[in-house]
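Here's a quick walk through the model below. Have the structure open while you read.

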Amino acid sequence: MKAVMAAFLICFSSATSFAQPAFDSSQLLDDLRDDVISAQDAAQQLADASNLSLGDAQTLIGEIDALENINSSFASNLLDGFVDGTSSILPSDIPQITEIINNLDVGTILYESAYDLIDDVMDGAIDLDLAEALSEIDVLGNIDELTDIGAILDSTGVLDALEDLESLLSPEQIAAQLGEILDIAISPELQALFDPDELASQVVGQLETLAPGLVDIVDDVLGEGAAEEIVAALLGGNVTPPTVGVPPGEAGLCTPICTGPCGRCAPHIKNNHIEIRNHVTAEFDNHRNWIVNDWFGEYLQPAMALMAAQISQSGMQQMQILGSFFDAKHQLETQRLLQTMTAEAHMDYHVSEALCEIESSTAHFSNSKRRSDLAKRTLSHRFMQKQVNQRDGVSFVGEISDLPSRTEHFIDTFCDPNSGGQDENGRPGLAAFCEGTSASPEQINADVNFTTTVENNLTLDIDFSDRGLGDLTPDEENVFALAANIIGHQTAPLIPRLKVNFPDGTPRPIMNLYADLRSMFAKRSVAQNSFSAIAGMRAEGSSEAGPFLKAILLEMGVDPIFIEEYLGENPSLFATEEVMMKVAYQDPRFYANLYDKPANVERMNTALLALEIVQDRNIYESLLRSEAVLATLIETKLLKYHREVSGKIDDISLNQRRRGEID
């Protein structure tokens, strides 16, 4: 690209004004007045396009910008004169030109006449000093009467300039100056009202009045009566202009024999115009051919072709670079997306500590549940053994074995020497009865105190699995003794084997009594089931769950010694539910841990929902047991009426059936 630009510059190094953009003065002035560019930028453009210094250009632009009423075409011509070098005004004349512009802007002068004055100065037709003097005349170009011609020259500056004509101007310049003054001062309407000769006489007379000796100076230079003849000729009269002072080579162009204003000069002027027009046309044709064939064909077009090729190659390279940028952009966006998803995955799959506590504390929930069910079934089985006087139980021979065994067990384990009231000597009633007892303070009256034995304990030392085989624990003794006192305190009567059937195998009437007994056993088993369920839930649970539950209480600030007493060595199912469904929510850190990642909050919600389902299941099972107990109670209340109705239907003696009499 640099090589192409270098070749392009070389091609234009010897070119003409086509190498730079043409200076458009009109556009420059429009942009300046519309505030598109500043005066400083406009001055810089003028200085670059002309031979003016930046300071002179700033002065000229500043004056033009300050004059609001200045004509745009006039200002444009003024700038173009400096740019193309056709103006006779030098840079040193700028202050005087600005003074003329200021004078024209202040007065009531017709601007058309004023701008004509400046144009004549730029063309060299009027001296600069004379033009400055004329610019001070307010009525310049606006004269209505012949007598007002004197106002044009009634100025010290004008008179001084006219008096210096002899030393400043040549004879032909004097005539030209007078002509310019007349063109500016006397309007066409004024010329139409007066005869040219009379008007010329009046103008010359006025000059003699205003500037004595001025006409004499003109006559001395050009000949006697030359001033009036020149003025008359310039105004269109028939006075023959003098030839005094005309250069010899040009005398034949305009002879004194002319009947009009240089009438014989017209053919020569016309021919000169034709020659000038043909020359200018030929020069423009040559210039056009040079531009198309030489400058464009040999230099510009090849350079532009090379530049176009270089630009195309550069454009393709830029597209490759741009494509690389797009590839990098998509690659980075993909990497960022993968990193974001990785971070989100790490965040989502990083389980919170609070959730781990719930999982660890409930991990062995099923194990504890199985142990609770085993304890419940074991207690119910032992109750049923006692009810039906099973051979392996303490009531296998009825009250003969049950009451003595339970009494002995009471004295050894549960007897309170200080209970039973006082006798006449002030001694407790059971002091003698409990003499020699080995009951510990923790087990005294445990066989009759449901609150102390069962209700207030989260975990009972009850384990009927293989792990618990061995010596009977105090809690197991207490629960068995309490159950024997609550349900089925009196054992069922023994049924002799020989009284059950007749020799032929048919049942005896005593079987009706045994059927009633078994109905009673069934009703008692419903109540026994509730007791077994309550005690079974407090049976020892899994040993692996204990440390986690204890850690929760320890973080809450509970004393470690009390934790062991509160939960037990191996917390039961009931203790686990108590901690996870009630106690854990009393720790403020539980709620602080909920300010976690959304995924962990959802996990925590799921875990709590699972615990809620477990709790709902416990409530449901409790309601089922309550419903069974209530139904059994109602059935028992209706049994009396049921028997009466049944007895009447079957014509069976209710009393005989109740006593179990044998025929």
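Predicted model: local features only at pLDDT ≥ 70, side-chain atom pairs only at ≥ 80, totals over all residues.

Residues are numbered from 1 along each chain as its sequence is written, and side-chain values use heavy atoms, with hydrogens and water left out.

Of the 663 residues in the chain, 34% count as buried (buried is under 20% relative accessible area, exposed is over 50%, partly exposed is in between, with a 1.4 Å probe and protein chains only). The chain has 29 helices and zero strands; helices (H or I, at least four residues) and strands (E, at least two) are DSSP runs, numbered from the N terminus. Among contacts with a separation of 6 or more, 67% come from residues 24 or more positions apart, a contact being heavy atoms within 4.5 Å.

| Residue | Relative accessible area | Class |
|---|---|---|
| Phe325 | 57% | exposed |
| Asn445 | 28% | partly exposed |
| Asp463 | 8% | buried |

Phe325 sits in helix H17 (residues 265–349). Together with Met319, Ile321, Leu322 and Phe326, Phe325 forms a nonpolar surface patch with about 510 Å² of accessible area.

Asp463 is in the loop between helix H21 (450–455) and helix H22 (474–486). The side chain of Asp463 makes a polar contact with the side chain of Ser465, at 2.6 Å.

What phi does Asn445 have? A positive one, about 60°, although Asn445 is not a glycine. Most residues other than glycine have a negative phi. You'll find Asn445 in the loop between helix H20 (399–414) and H21.

Helix H19 itself (residues 365–387) has 23 residues, which at 1.5 Å a residue should span 33 Å, and its end C-alpha atoms are 33 Å apart, so the two agree; the expected span is 1.5 Å times one less than the number of residues. Buried residues in H19 include Phe365, Arg371, Asp373, Leu379 and Phe383.

Note on methods:
Patch = residues over 30% accessible without salt bridge, like charges linked within 9 Å, V, L, I, M, F, W, Y side chains within 5 Å. Areas by Shrake-Rupley, 256 points an atom, 1.4 Å probe, with all protein chains shown as cover. Salt bridge = Lys/Arg side-chain N within 4 Å of Asp/Glu carboxyl O. Polar contact = N/O pair within 3.5 Å; in protein donor to acceptor, adjacent residues only side chain to side chain.
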